[in-house]
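Colleague: I am new to this model. Please show me how to read its features.

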Amino acid sequence: MPQPPHPTRVPQSMALYARATQLIPGATQLISRRPTRVAYGVSPIYAARAQGARFWDVDGFEYIDWISGIGAILLGYADPVVDDAVRAQLAQGTIYSVNHELEIELAEELCAAIPCAEMVRYAKCGGEACAIAVRIARGVTGRDKVLFCGYHGWHDWYLAANLAEDANLNAHLFPGIDPIGVPRALAGTVLPFPSGNLAALSDQLEQHRGEVAAIIMEPLRSELPPAGYLAGVADLARAHGAVLIFDEVSSGLRFSTGGAQQYLGVTPDMAVFAKSLSNGYPMAAVVGRRAVMEPAARMFISSTYWSDTIGLRAALTTLREVRRRDVPGQLWRFGQALKSRLNDVAAEVGLDVQCTGVDVHPHLEFGIADPQLKSQVITLYIQEMAKRGCHGYAAFYLNAAQGDAELAQTSEAARESFTVIRDALASHTVAQRLECAQQQDAFRRLVR
Ligand SMILES: Cc1ncc(COP(=O)(O)O)c(C=O)c1O
């Protein structure tokens, strides 16, 4: 942990963080909520409340949230329709000794919306749902090995990738992950494949012919996959008898009401949804073709809270609202406007930075070759934006509560922040202008 800067802009956050470090190993529950992911000592660490596109931190600052609850928020914070439905559900009790019809209603809704969905299981978190999908794929194929691309949670099946070769997760998660506590017996059961390279995937399937239960991957993140790539992966999976699983935990319903698979026109055997499914309430779904899902009836996959009606009600209401408000359409238009405004600002300021990537998930690309300088510039950007009420990384997670006011404030904040960066680069004073520790960009997403 870097030394906290003095003075800090966020003393209340820093005091809470100091308390947390004494009581909570690692201080936060999610690596993406570690303060070193943003501008440590300048960015907020603890929120007090949130509404719409914004949140307020414990130091009393207001922010536009460009991370949207690490992707969990799609309609906006405290959405009145979802929250009213949840409140009404609360009054009926949240969990029972028997089942609730909502499980079936939501399953019907998911099967109507998502191309690969014919049957559904529920969970609470994305990583947990990925573990269920992998269990089902192994159970249905009777095989053990899994090929993966990208990040799929914290469970043993996934972290076992670093038992065989300690750099296996470097490009997919982040370097230096020691799979402490993961049984060594799992070594060699899960292997990474590079994104966008069909020949490499084909070679791996040949090398492990007849042993691969599943290919699990994010279909996309912020760049479109090469033309024909995903259809080629689906063909390879079929040819080798492996179950193709799309991890849609982060893409969710942002690209289309039927998930990224509907937008991309490639239907996997199974898919996993979590974060944006229920607008911030814990909820996840594993969906898939009947032939793959039905054998799960014989597998031991069982947990008390997967029947919780708050998550079910929140997901059902969110799905309906996403469709009624055409949220994906709104995000595509808004993302395009954001990109074009930020690119105009960059041109006016004269800074070599591009807002690029698919419109629903844009990111900034600074034209700097030296990785150390680039990392300092990104930290300076995060710092300067935070001081101007915009919380985020150099990428933007959109939600439907963001509108004209957020666009105007963010482009003004970007104009001033880009100017600071331009001047710092010209005078070689980027490091000196940091009022925080250099950002540690934990996650390296292989699927962009
Ligand atoms: C693609 C993907 N899969 C799985 C996960 C894990 O989800 P959770 O944090 O809900 O366990 C994430 C979280 O960021 C993710 O982006």
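Modeller: Start with strand β1 (residues 47-51) and strand β2 (residues 54-57), which run antiparallel and are joined by 4 bridges. Strands pair if DSSP finds at least two bridges between them. Helices (H or I, at least four residues) and strands (E, at least two) are DSSP runs, numbered from the N terminus. This is a predicted model: local features need pLDDT of at least 70, side-chain atom pairs count only at pLDDT 80 or more, and totals for chains, interfaces and linings use all residues. Residues are numbered from 1 along each chain as its sequence is written.

Colleague: Which residue stands opposite Arg54 in β2?

Modeller: Gln51 does. β1 and β2 form a hairpin, with 2 residues between them. In the turn, Gly52 has a positive phi of about 60°.

Colleague: What is the order of the strands in the open sheet?

Modeller: The general idea comes before the case. Strands of a sheet pair through backbone hydrogen bonds, either parallel or antiparallel. Here the open sheet has 7 strands in the order β4-β10-β9-β8-β7-β5-β6, and the pairing is mixed. β4 (119-123) and β6 (190-192) are the edge strands, each pairing on one side only. On average, neighbouring strands of this sheet are turned by 20° against each other, direction ignored.

Colleague: How many bridges pair β4 with strand β10?

Modeller: There are 5 bridges between β4 and strand β10 (residues 284-288), in the antiparallel sense. Ala123 has Ala284 in β10 as its bridge partner.

Colleague: Now the helices. At what angle do the axes of helix α2 and helix α11 cross?

Modeller: Axes are lines fitted to C-alpha atoms, for helices over the stretch in contact, and angles run from 0 to 180 degrees between N-to-C directions. The axes of helix α2 (residues 80-90) and helix α11 (residues 309-324) cross at roughly 150° and come within 9 Å. Therefore α2 is roughly antiparallel to α11 (over 145 degrees counts as roughly antiparallel).

Colleague: Which residues of α2 make the contact?

Modeller: Val81, Val82, Ala85, Val86 and Gln89 do, and among their partners in α11 are Ile310, Ala314 and Thr317. Two residues are in contact if their C-beta atoms, placed from the backbone, lie within 7 Å.

Colleague: Last, the ligand. Which helix gives the most to the shell around the ligand?

Modeller: Helix α4 (residues 126-141) does, with 3 residues. A residue is near a molecule if its C-beta atom, placed from the backbone, lies within 6 Å of it. Among the residues surrounding the ligand are Cys125, Cys130, Tyr151, His152, Glu218 and Asp247.

Definitions and conventions. Angles under 35 degrees count as roughly parallel, over 145 as roughly antiparallel, 65 to 115 as roughly perpendicular and the rest as oblique.
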